[in-house]
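Dear colleague, here are my notes on the model you sent. Please read them with the structure open beside you.

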Amino acid sequence: MDNRQLLDEILLSDNVCQNFHREYKDNVEFHRWLITLLPEIKTCFMPQNNPWHIYSVIDHILHSVEEMNKQSVCYDDKTRRRLAYTMFLHDIGKPECHIKRQKNGAWIDSFFNHNIASERIAKRVLKDLNFDKNECKIIEKLVYKHDIFMFLTLDKTTNPHHKQLSNDVIKNEIADLNNVGNGAELLKQLIMIGRSDSKSQNPAMTKNSLILLDTMENMLQNLKLENSSILEK
């Protein structure tokens, strides 16, 4: 088994966090290969001093892959692999975007625009991970869009950076995702990504996020049932 196959095996296992740390620590060849491919991994061991997080960047990433694997069992192996790597790369750009700032009188870590950095890193490495051109486009798009849920609300909002969740918002997201594949299906997978991300954060903070994701998934399903032609590519 080569190192890429080993990474596949780790990321699609039931114990992603444990298996990754074991190989990263004890397997010199794998460690060297991975940091050559993804030198950003070394900086991802940083903690996240932020109320939304209980893990370091790397452990948040690995737990999010585990959460995705639980959700993706109904998919074929190729799609499951693509979704696992989407989670593996979704926050890989966080360390380079790290700032410390004051919020409510306390200093916290923030990572503004890390989705853009993560997308750029994904674009650099995906071909070396044996993804075809179409898979690369999908993963890059999903990595870029993985945190759109931070800017959606269930209720009306006066925040100019936020939008209230609506059928029009869902249709616009589908239209954008249609540029790389089946937009309705990819939005369903993006909701899975949001759920995997949230379930790997601080559970004391994510109740409303998970409710929003469930609501969005139900709205998407209802749209598909009511008028499938609207959602066709």
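1. Some terms come first, since several points rest on them. A residue is called buried when its relative accessible area is under 20%, exposed when it is over 50%, and partly exposed in between, with a 1.4 Å probe and protein chains only. Helices (H or I, at least four residues) and strands (E, at least two) are DSSP runs, numbered from the N terminus. This is a predicted model, in which local features need pLDDT of at least 70 and side-chain atom pairs count only at pLDDT 80 or more, while totals for chains, interfaces and linings use all residues. Residues are numbered from 1 along each chain as its sequence is written, and side-chain values use heavy atoms, with hydrogens and water left out.

2. Most residues other than glycine have a negative phi.

3. I99 has S110 as its bridge partner in β2, and K103 stands opposite A106. Two residues lie between the strands, and in this hairpin N104 takes a positive phi near 55 degrees.

4. Which residues have the most contacts inside the largest nonpolar core? They are L38 and F88, in a core of 63 residues; such a core is a set of buried Ala, Val, Leu, Ile, Met, Phe, Trp, Tyr and Cys residues joined through side-chain atoms within 4.5 Å. Helix α9 (residues 183–198) gives the most to this core, with seven residues. Contact means heavy atoms within 4.5 Å, and, not counting residues up to four places away in sequence, L38 touches F88, L89, I92, I121, R124 and V125.

5. L126, in the loop between α6 and α7, is buried because its relative accessible area is 0%, and beyond residues up to four places away in sequence it touches L89, F131, C136, I139 and E140. M216 lies in helix α10 and is likewise buried, because its relative accessible area is 0%. Apart from neighbours within four places in sequence, M216 is in contact with F149, L152, L165, I170, L187 and I191. The C-alpha atoms of M216 and I170 are separated by 7.9 Å, although these residues are 46 residues apart along the chain.

6. With neighbours within four places in sequence left aside, E173 is in contact with K145, I148 and L187.

7. In helix α2 (residues 16–26), the buried residues are V16, C17, N19, F20, E23 and Y24. Their cover includes α1 (3–11), α3 (28–37), α4 (57–71) and α5 (77–89).

8. The largest pocket has a volume of about 1,300 Å³. A pocket here is found on a 1 Å grid over the protein atoms alone, as an open set of points where a 1.4 Å probe fits, with protein on both sides within 12 Å along at least five of seven lines, and lining residues have an atom within 4 Å of a point. The volume is the space filled by probe spheres set on the points. Of the 45 lining residues, W52, D147, F149, M150 and F151 lie nearest the centre of the pocket. The elements giving two or more residues to the lining include β1, β2, α6 (114–125), α7 (133–145) and β3 (152–153), while α10 gives the most, with six.

Notes
Two strands pair if DSSP finds at least two bridges between them.
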